[in-house]
Amino acid sequence: EEDGWEDEDLVLEEMEEEEQAEWRSRCIAAEWRVSSLEDEARAAEEARREEVESLEAALEDAEAAAQAELESRMQTEQTWERQKQAWEAHMRAAAEARAREAEAEERARL
């Protein structure tokens, strides 16, 4: 039983030569199929691993793009807010200048 074939060897001794050849052929075919299935399983596992790595990389890229978009929008909003504040300050200064000018004209008329 050391090599696991002892029982099979006893069975083979009792079989006729033609039966032995067929039995060996079936065993070889079964071993080949097992080996083939193992190869397929390894290939499928490798493909799955590569797909997971690809999806993880795509997720990281998407997260980085989303973060960059968020930062860009925040900068744009900050820029717009500064421009709005500058415009409002300009409009206040212009209104104040018009008011002073109107006061000066009023005083000049008096």
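Colleague: Glu103 and Arg107 both lie in helix 2; how many residues apart are they?

Modeller: This is a predicted model, where local features need pLDDT of at least 70, side-chain atom pairs count only at pLDDT 80 or more, and totals for chains, interfaces and linings use all residues. Residues are numbered from 1 along each chain as its sequence is written, and side-chain values use heavy atoms, leaving out hydrogens and water. Helices are DSSP runs of H or I, at least four residues, numbered from the N terminus. About one turn of helix 2 separates Glu103 and Arg107, which are four residues apart.

Colleague: Which residues do salt bridges with shared partners join into one network?

Modeller: A salt bridge here is a side-chain nitrogen of Lys or Arg within 4 Å of a carboxyl oxygen of Asp or Glu. Through shared partners, such contacts link Glu45, Glu46, Arg48 and Arg49.

Colleague: Nice! Is Arg73, which pairs with Glu69, buried or exposed?

Modeller: The Arg73–Glu69 salt bridge has its closest N and O atoms 2.7 Å apart. Buried means under 20% relative accessible area, exposed over 50%, and partly exposed in between (1.4 Å probe, protein chains only). Glu69, at 40%, is partly exposed. With 52% relative accessibility, Arg73 counts as exposed.

Colleague: And how far does helix 2 reach from its first C-alpha to its last?

Modeller: Helix 2 has 93 residues.

Technical notes: Helices (H or I, at least four residues) and strands (E, at least two) are DSSP runs, numbered from the N terminus. The expected span of a helix is 1.5 Å times one less than its number of residues.
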